[in-house]
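Hi,

Here is the structure I promised to pass on. Have a look at it first, and then read on for what turned up.

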Amino acid sequence: MRLRYLGHSCFLLEAAGVRFVFDPFLTDNPTAPADATPASIACDYLLVSHAHDDHCGDAEAIARAHGATIIANFELAEYYASRGLKTLALNPGGARSLAFGRVKLTLAHHSSSIGTGASPVYMGSPCGVLLEVEGRRIYHAGDTALFLDMQLIGRGGLDLAMIPIGDAFTMGPEDALDALDLLRPALAVPMHFNTWPDIVQDGDGFSARAAARGHPVRAMKPGETLEF
Ligand code: NI
Ligand code: MN
């Protein structure tokens, strides 16, 4: 399978002939590759961890351009359904088997709202996404703090984990190292850093520190592709 990093927490995964986009955020993403636009990113499923704009900003545009199905928590899925889009609603702990395999939403400790300023609209629970495809298990943590129940997410093994390290809004590198101890993925890719000045981190430094603790980590550059 093939994973392309589109900057921030946005990834395109191609597996079993199906194209998944995790946390679609291209238009206002200063780190998105120039060739990655809603029109150019053909996809079948959009996996949206929560309602913050830096995770779903291009969900509607991509879904409309390619007829993709948006998978998200119940409230956010209802919102997109009301906009005439194809959706699949889940909530944390719940999974569905689909033609490609299985998708489950996990806990995440964060917030989830649309709109800024005085009146944000709350949009259900923030989530992580656990995808089973081609017999492999792939976890995208969304935005989250470190939490001990990550042990449960790692149960059964993870082939790949995408975890935030930016700090400020999510766990930072220290807590992300502890998260790797709980998740124990075969490979981890850090995300949600270096997009803006308040979440600047050293991705390669994080990889080196993780390696010293026995965790393989690859800090991808936006635009880079990984075959695994
Ligand atoms: Ni967020
Ligand atoms: Mn975020």
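First, a rule you'll need: two rings of Phe, Tyr or Trp (its six-membered ring) count as a pair if their centres lie within 6.5 Å, and a pair is called edge-to-face if the planes are over 60 degrees apart. Keep in mind that this is a predicted model. By that rule, there are six aromatic pairs in it.

One of them is Phe20 with Phe100, an edge-to-face pair at 4.8 Å centre to centre, with 80 degrees between the planes. Phe20 sits in strand β3 (residues 18-22), while Phe100 is in the loop between β7 (95-98) and β8 (101-107), so the pair ties together parts that are 80 residues apart in sequence. Phe20 is buried, at 0% relative accessibility, and Phe100 is buried too, with a relative accessible area of 9%.

Phe100 has another partner, Tyr45: their rings are also edge-to-face, 5.2 Å centre to centre and 65 degrees between the planes. Since Tyr45 belongs to strand β4 (residues 45-47) and Phe100 to the loop between β7 and β8, this pair links parts that are 55 residues apart in sequence. Tyr45 is buried, as is Phe100. Put together, Phe20, Tyr45 and Phe100 make up one aromatic cluster.

β1 (residues 2-5) and β2 run antiparallel and are joined by four bridges, with Tyr5 bridged to Phe11 in β2. Their hairpin has five residues between the strands, and there Gly7 takes a positive phi near 90 degrees. β2 also pairs with β3, again antiparallel, over five bridges; here Ala15 has Val18 in β3 as its bridge partner. That hairpin has two residues between the strands, and Ala16 takes a positive phi near 55 degrees. How many of the five residues of strand β2 (residues 11-15) are buried? Four are, so β2 is largely enclosed by the rest of the structure.

Last, helix α2 (residues 59-66). Its buried residues are Ala59, Glu60, Ile62 and Ala63. These cover an arc of only 170 degrees around the axis, which puts them on the same side of α2. What covers them includes β4, α1 (53-56), β5 (69-73) and α3 (74-82). So β4 comes up again here, the strand in which Tyr45 lies. Just after α2, Gly67 takes a positive phi of about 65 degrees.

Cheers

Conventions
Residues numbered from 1 in each chain as written. Chains lettered and ligands numbered in written order. Predicted model: local features only at pLDDT ≥ 70, side-chain atom pairs only at ≥ 80, totals over all residues. Heavy atoms only, no water. Phe/Tyr/Trp six-rings, centres within 6.5 Å; stacked < 30°, edge-to-face > 60°. Buried < 20%, exposed > 50% of the residue type's maximum accessible area, 1.4 Å probe, protein only. Arc of directions from axis to C-beta. Contact = heavy atoms within 4.5 Å. Pairing = 2+ DSSP bridges.
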